[in-house]
Amino acid sequence: MTDAPDVAASRQRVAGHLVGREREIELTLAAVAAGRDIVLEGPPGTSKTTMLKAITEEWGIPLLFVEGNADLTPAKLVGHHNPSRVLREDYSPDNFVPGPLTEAMQAGGFLYIEEFNRAPDDTLNTLLTAMADRRLAIPRVGMIQALPTFRVIASMNPYDNVGTTKLSSSITDRLNRLAVDYQNAEAEESIVHLRAKPQGGLADRLVADAVAVTRATREHPYIRQGSSVRGAIDLVAVAGQLAALRSITQPDDEHYTELVYDAMVVALSGRIHIDEAVDIAPEAVLREIWEDRFVLEPAMAEPG
């Protein structure tokens with residue numbers, strides 16, 4: 001693959017891999033087909049990686065993942081010479097081990113840097129020439145010229161400021177940006193049905209409850225960052241196994257609601273981030289959310 005394919009022809013096939021992301025697919029496709037690099041800004045679990053996988057599979061190019069953190073040095077991004085071969089042969093292009101940036105440029109792939117704003121400034125500055133000129137000069141190797149489909153794709157979580165740095169204007173000036181937020185409840189229920197594949201009499205009620213309590217973690221005043229739809233998927237999977245262990249087959253079983261709470265503890269307690277100013281355990285916050293769903297809401301719905 002040397003040129004980006006026709007956007008209109010590939011849009012529907014890419015959309016077939018995702019649920020409810022038509023607008024984000026269209027905008028991302030438009031940006032990358034126009035030869036632009038882009039940052040996808042949104043919380044975890046909002047289908048950013050799935051969307052990029054679908055696009056690169058459609059284009060027939062690789063998707064190379066890099067995690068942005070303090071250990072991501074320019075050498076890890078660009079590549080290095082094999083030390084043992086250097087001792088035997090001295091430096092040469094033959095003993096150079098390409099890093100993900102170099103691989104992506106040579107293969108015309110997408111370099112996907114997650115947690116982009118956690119990477120050190122000097123590492124991000126390594127990307128400037130690659131993004132601006134589509135080439136990279138590597139000492140003792142030569143000039144690497146990127147294939148036309150090479151793109152830098154970054155992702156950032158706007159709700160997490162711990163350990164992050166403000167990006168320089170030199171970086172942001174070279175990146176397009178798209179906000180990718182949580183989907184609506186209907187779309188998330190479809191995703192949970194698709195991923196968790198619940199069976200039996202509990203399936204529909206369990207999916208609806210799992211999505212509702214998971215979405216509630218994003219709005220609770222004590223929670224700094226709630227769970228993505230992955231929490232709901234795991235909640236349904238765990239609850240399904242608990243239901244089998246406890247012989248619960250229908251949602252009107254008197255033990256059903258407590259089963260949901262137990263599954264919430266397993267699936268959600270590690271995914272929610274409690275505000276540092278609040279001294280409360282995740283289990284207590286989840287119990288509040290559970291009571292809102294299974295005690296308060298039914299009481300409010302009763303006549304009179």
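Predicted model: local features only at pLDDT ≥ 70, side-chain atom pairs only at ≥ 80, totals over all residues.
Me: Which residues of α1 are called buried, and what makes them line one face of the helix?

Reply: Helix α1 spans residues 7-15, and Ser 10, Val 14 and Ala 15 are buried in it. Seen down the axis of α1, the buried residues fall within an arc of 135°, so they line one face. In general, an α-helix has 3.6 residues a turn, so residues three or four places apart point the same way.

Me: What covers the buried residues of α1?

Reply: The cover includes α2 (22-33) and α3 (48-59).

Me: Why is Arg 140 called exposed?

Reply: The relative accessible area of Arg 140 is 53%. The cut-off for exposed is over 50%, so Arg 140 is exposed. Arg 140 is found in the loop between β6 (135-138) and β7 (142-145).

Me: What makes the phi of Arg 140 worth noting?

Reply: Most residues other than glycine have a negative phi. Arg 140 is not a glycine, yet its phi is positive, at about 65°.

Me: How do you know that Ser 247 counts as exposed, and where does Ser 247 lie?

Reply: Ser 247 has 60% relative accessibility. Exposed means over 50%, so Ser 247 counts as exposed. Ser 247 lies in the loop between α12 and α13. Its phi, near 60°, is a positive value in a residue other than glycine.

Me: Which residues touch the most other members of the largest nonpolar core?

Reply: This core has 33 residues, and those that touch the most other members are Val 192, Leu 235, Leu 259, Val 260, Met 264 and Leu 268. At least two residues of this core come from each of α10 (185-196), α11 (203-216), α12 (229-246), α13 (256-268) and α14 (282-301). Apart from it lies another core, of 30 residues, including Leu 64, Leu 72, Leu 101 and Leu 127.

Me: What does Leu 259 touch, leaving out residues up to four places away in sequence?

Reply: Leu 259 touches Ala 239, Leu 242, Ala 243, Arg 246 and Ile 248. Each of these contacts has heavy atoms within 4.5 Å.

Me: How much space lies in the largest pocket, and which residues are closest to its centre?

Reply: The largest pocket holds about 500 Å³ of space. Its lining has 25 residues, and Gly 45, Thr 46, Ser 47, Thr 49 and Arg 230 are the closest to the centre. Two or more lining residues come from each of α3, β5 (110-114), β8 (151-156), α10 and α12. The largest share, 4 residues, is that of α3. By class, the lining of the largest pocket has 10 nonpolar, 9 polar and 6 charged residues.

Me: Which residues lie nearest the centre of the second largest pocket, and how many of its lining residues are nonpolar, polar and charged?

Reply: The second largest pocket has about 190 Å³ of space. Of its 14 lining residues, Pro 198, Gln 199, Val 236, Gly 240 and Gln 241 lie nearest the centre. The elements that give two or more residues to this lining are α11 and α12, and α12 gives the most, with 5 residues. The lining of the second largest pocket has 8 nonpolar, 6 polar and no charged residues.

Definitions and conventions: Residues numbered from 1 in each chain as written. Heavy atoms only, no water. Buried < 20%, exposed > 50% of the residue type's maximum accessible area, 1.4 Å probe, protein only. Arc of directions from axis to C-beta. Core = buried A, V, L, I, M, F, W, Y, C linked by side-chain atoms within 4.5 Å. 1 Å grid on protein atoms, 1.4 Å probe; cavity = no way out; pocket = protein on both sides within 12 Å on 5 of 7 lines; lining within 4 Å. Points joined across faces, edges and corners; volume = space filled by probe spheres on them. Nonpolar A, V, L, I, M, F, W, Y, C, P; charged D, E, K, R; others polar.
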